[in-house]
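User: I would like to go through this model step by step. Please keep each answer brief and end it on the value or name I ask for.

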Amino acid sequence: MTTKKKLQFPTAYTILFIVAALVAILTWIMPAGKYDSLAYDTHENVFVVTTATGETTNYPPTQETLDNFDIKAKLDKFVGGDIWKPIGIPGTYTKLESNPQGIKQLFQSPINGMYGGVDIIFFILIIGGFIGVVNHTGAFDSGISHLAKTLNGKEKWLIIIITSLIALGGTSFGLAEETIAFYPILVPVFLAVGYDAMVAVAAIYVGSSIGTMASTVNPFATIMASNAAGINWTSGIIGRGVMLVVGTAICIVYIIKYAEKVKKDPSKSLIFSQKAEIEERFLHSNTDKEAKAFDVRTKLILSIFALSFIVMIYGVSKLDWWFLEMTTLFFVASIVVAIIEKIDEKIYVAEFLNGARDLLGVALIVGIARGVTMIMDNGLISDTMLYYTSNIVDGMGKGLFINVMMILFAGLSFFVPSSSGLAVLSMPIMAPLADVVGIPRESIVSAYQYGMGMMAFITPTGLVLASLMMVNVTLDKWFKFIMPLLGILLAFTSGLLLVGVYF
């Protein structure tokens, strides 16, 4: 007697490869083209204009030069380093000879993406090693047990606190890739208090996404986009502040509602079939070890662990740290923990490598996602999409215009998931459209943030696949969880944008 094999949703790797193949096909269908770009050379103190065909010309670093190219950004934003990427020059789109990406480029794209994303890949691997060393000490198990007892009857506060804090990180300095480090620590905590792993993913990933979606002082989104649009970054901050507060509250209520349902009846979990597997991985991995007492040494190790993340956040937000400094921080922290716990050198190396191995798949996902963007850039269709997108909204009334603009930004962010990259690519082209329609330019910045942020919840080319892979949850189950919330947020942001353009 034969049985049909049940179809399963593909892995994150397969999804990304399918997306890469579809993008490669687009390079054969869509016309190629580019905008001329302008960048400030800090060493030579000149503006460098690069044409679509690759020719470069130097211009004096004056406001007159920017005005001549119809770029509304202020000179000091370039000189001061607020705009550090090349920005598109309005009205300069040029069709080019197509450069379709074939089978060779398709299979090279994951490798190229790993080369291009080597900084974050190493960051993730070192984080994994650090967590492996701390996990070896037994401090996690002891701390989780202590926390579960402390939160007995107050579990929902865990969701409120974690989601709110991560949202604050997202709105202030773009906390995103750094959240990868939180999953191995927080997933066991959520499991220990009776929730499922989906609640942990939601609190972390939704918190980060709603924070960046409603960025207020985020230099990689709000400030970069506002500068490129030629307005002060404080313009529209009240509306985005409302979005942050109300949007975060909506997300928290939604997560708590699901979490309480799962806590009451675990079979209601969207990932109930994986319950035993996930608990074995996160809660029972050290059952063969004697439980570690919650003593002074354990508290010290956990304090160092927490302090590492506090230092990371301070370094990124105040000291201009990036992946090199963050990676070094966690590497040093792992050595400090090993010294405190008196771990043998050979055991330290083995546990560090085991921890890095556990996050290797996540690191590769990030690199492969970068490869998708590279296919589009090499195929010369990024600017083409922007050009045709800007023409779609021509002649619309301002209410329809601003909401269609948000949807178009969402579509563009699928192909350009970098917030700063999308800002400098699109804002010099899109922002002037506000003047034609008769709405403030800060509405364009808000539409960019809301559209990009909305897509960040689900786009495979962003961080969602890497986050889901931390707990081995497939994208289809995430869609079942997140789509109702996205519908609510879409309705609210649409209304907020209408208020912005009419009142």
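**Strand pairing, fold and selected residues**

Analyst: This is a predicted model. Aspartate 41 has its bridge partner in E3, and that partner is valine 46.

User: How many bridges join strand E2 to strand E3, and in which sense do the strands run?

Analyst: E2 covers residues 37-41 and E3 covers residues 46-50. The two strands run antiparallel, and the number of bridges joining them is 5.

User: Which residue in the turn of the E2 and E3 hairpin has a positive phi?

Analyst: The hairpin leaves 4 residues between E2 and E3.

User: Which residue in E5 stands opposite serine 37?

Analyst: E2 also pairs with strand E5, residues 87-88, in the antiparallel sense over 2 bridges. The residue of E5 opposite serine 37 is glycine 88.

User: Why is the protein described as being as compact as a globular protein of its length?

Analyst: The protein has 22 helices and 6 strands. For 503 residues the globule rule gives 23 Å, and the radius of gyration is close to that, so the protein is as compact as a globular protein of that length; its radius of gyration is 24 Å.

User: What share of contacts between residues at least 6 apart in sequence joins residues at least 24 apart?

Analyst: Buried residues account for 52% of the 503 residues. Of the contacts between residues at least 6 apart in sequence, the share joining residues at least 24 apart is 79%.

User: Is serine 269 buried or exposed?

Analyst: Serine 269 sits in the loop between helix H11 (237-264) and helix H12 (275-282). Leaving aside neighbours within four places in sequence, serine 269 contacts Asp196, Tyr258 and Val262. Its relative accessibility is 9%, and the cut-off for burial is under 20%, so serine 269 counts as buried.

User: What distance separates the C-alpha atoms of leucine 75 and glutamate 64?

Analyst: Leucine 75 and glutamate 64 are 11 residues apart along the chain. The separation of their C-alpha atoms is 9.1 Å.

User: How far apart are the mean positions of the positive and negative charges?

Analyst: The protein carries 34 positive and 37 negative charges. The distance between their mean positions is 10 Å.

Definitions and conventions:
Residues are numbered from 1 along each chain as its sequence is written. This is a predicted model: local features need pLDDT of at least 70, side-chain atom pairs count only at pLDDT 80 or more; totals for chains, interfaces and linings use all residues. Side-chain values use heavy atoms; hydrogens and water are left out. The radius of gyration is taken over C-alpha atoms; the globule rule is 2.2 Å times the number of residues to the power 0.38. Buried means under 20% relative accessible area, exposed over 50%, partly exposed in between (1.4 Å probe, protein chains only). Contact means heavy atoms within 4.5 Å. Lys and Arg count as positive and Asp and Glu as negative; His and the chain ends are not counted. The place of a charge is taken as NZ of Lys, CZ of Arg, CG of Asp or CD of Glu. Two strands pair if DSSP finds at least two bridges between them.
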